[in-house]
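Please open the model in your viewer and keep the selection tool at hand. The tour below goes from stop to stop, saying what to select and what is found there.

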Amino acid sequence: MIKKTLCCMLMLTASYPAFAAQKTLTEKQLAQTVDSVITPLLKEQSIPGMAVAVIYQGTPHYFTYGQADISKNLPVTKETLFELGSVSKTFTGVLGGDIVARGEIKLSDPVTKYWPALTGKQWKEINLLQLATYTAGGLPLQVPDDVTNQTSLLHFYQNWQPQWAPGSTRVYANASIGLFGALSVKPSGMSFEDAMSKRVFQPLNLSHTWITVPASEQSKYAWGYRNGKAVHVSPGMLDAEAYGVKSTIEDMASWVQANMKPEQIGDKTLQQGIELAQTRYWKIGSMYQGIGWEMHNFPVDAKTLINGSDNKVALAPQKAVAIEPPAPVVKASWVHKTGSTGGFGTYVAFIPEQQLGIVMLANKSYPNTERVKAGYAILEALQ
C-alpha cells in the first residue's frame, strides 16, 4: 500500500504543479509522514540505520531508526556521527565562499596563482571557479589511489590532459572541487581542516561536526556497512576537501537552517560565503551548479530530480552554459546534494522560500535515485 501511495504521489507531480500552499501538521502527523516513507525504504534497501531531520516551518524535527553498530547492538541516536561523503562539498563551497568574501582569493584567479608548480600549459586557462564547479575540462572522479603525497599529487595534475575547453563541460569530480578546497585556504596559512573548523564549524556552533573524529567522539561514530562488513572511509589525498566531513543529524539540521536563512548569520563573511555557494554559475540542463550545492527552480517535479541524480546522468559529461553574471541566491529553489562513502549514503535538500528541508543520513550507500525519491515524497507530503 505504501509503495502504491508513493508511486501515485510521484506520478501526480508530472501533471500538476509541485507543492501547494503549506499546511500545518501535528507532531504525530509529521512522524507518520516520515515513517511511511523511511520504514519501507530501510527494508527495501537493507539499511541498518538512519537518522532523518525534517525542517518544517523553519523548525527541526528528528527521527532515528535501526542500528549504528550491529555487532554491539547500538541504536542510531541524534548524537550518532555519520560520514557525509560528497555532502562535504557543500561545506567546502561555503568555506570557499567565505574565503572569497574575505578578499583572500577571487574565483576568477588562475589556479597557477596558488600552485605555481603547475607549469603544464593545460593549466594556463583554468581558474578557481572552474575547479570549484567541475568545469575545468574533465578531471577524473577520483584522485588515483597511488597518489599518496604532494609530490605524486603534483605529478598527477601535471600529467592530466583536459578533454574539453575550460568552462564548456561539467564533469563531476572529487579531483576538481577537492583541489579548489586545498588551494583556496593557502592565503590564510591554515590547513584546510583548521580553516573549516575556525571559519565554518565553530561560528555555526556545529560542535559535533568533524573532519577528523576525535577520540572523545569515537564511541558515537557509526559503522557503515558494505557487503555485510563494517567499514569506515579510507584516507586519501584531498579527502577532507571532497568527502571527509562527519556529522550528527542535529548539526546537519542546523547546517540546513543556516543555508536556508544566511541573512540571520552574524558573521558577515560566512553569510556571504553561504550565498556564494548557492550562486548559480552554470546551467546544466535544468540544473544550476553552485559551489557544492546544486539547484533547480522551484517548483520542480520528482522525475526531473530523480533522473538527474542517477549516476548515469550525474557523472556524465554535460554541456555547461555560463550564467553571466552569476545569478545570486534564488529563494524559490530546490537546493540539494547527495553524498556517499563505501558504507554511508546521505541526502540533503531544502527550499528556502518554504523554510522546508530534509536530511537523510544512512550507514549504507544505496542508490541516489531512491534517496531523492524518498526525500521528495516526504517534503511533498508536508505541503
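**A tour by selection**

Begin by selecting P299, whose place is in the loop between β11 (294-297) and α11 (302-309); helices (H or I, at least four residues) and strands (E, at least two) are DSSP runs, numbered from the N terminus. This is a predicted model, in which local features need pLDDT of at least 70 and side-chain atom pairs count only at pLDDT 80 or more, while totals for chains, interfaces and linings use all residues. Residues are numbered from 1 along each chain as its sequence is written, and side-chain values use heavy atoms, with hydrogens and water left out.

**Two residues with positive phi**

Move to N205, in the loop between α7 and β6 (224-226), where phi is near 60 degrees, a positive value in a residue other than glycine. N205 is exposed, with a relative accessible area of 61%; buried means under 20% relative accessible area, exposed over 50%, and partly exposed in between (1.4 Å probe, protein chains only). Then select L238, in the loop between β7 (229-231) and α8 (239-243), where phi, near 65 degrees, is likewise positive in a residue other than glycine. L238 counts as buried, at 9% relative accessibility.

**Salt bridges**

Side chains of opposite charge can pair when their charged atoms come close. A search of the whole structure finds 8 salt bridges, a salt bridge being a side-chain nitrogen of Lys or Arg within 4 Å of a carboxyl oxygen of Asp or Glu.

Select R199 and E104, whose side chains meet in one of these salt bridges at 2.9 Å, N to O. R199 lies in helix α7 (residues 192-201) and E104 in the loop between α3 (88-101) and α4 (128-132), so the pair ties together parts that are 95 residues apart in sequence. R199 is buried, with a relative accessible area of 9%, whereas E104, at 24%, counts as partly exposed.

Now select R102 and D98, which form a salt bridge whose closest N and O atoms are 2.6 Å apart. Here R102 is partly exposed, with a relative accessible area of 35%, while D98 is buried, at 0%. In the salt bridge of D109 with K113 the closest N and O atoms are 3.8 Å apart; D109 is buried, with a relative accessible area of 9%, and K113 is exposed, at 52%.

Display α3 together with helix α9 (residues 249-260): their axes come within 12 Å and cross at roughly 45 degrees, the axes being lines fitted to C-alpha atoms, for helices over the stretch in contact, with angles that run from 0 to 180 degrees between N-to-C directions. To see the residues that meet, select T90, F91 and V94 in α3 with M252, W255 and N259 in α9, where contact means heavy atoms within 4.5 Å.

Finally, select helix α10 (residues 268-277), whose buried residues are T269, L270, Q271, G273, I274 and A277. What covers these buried residues includes α3, α7 and α9.
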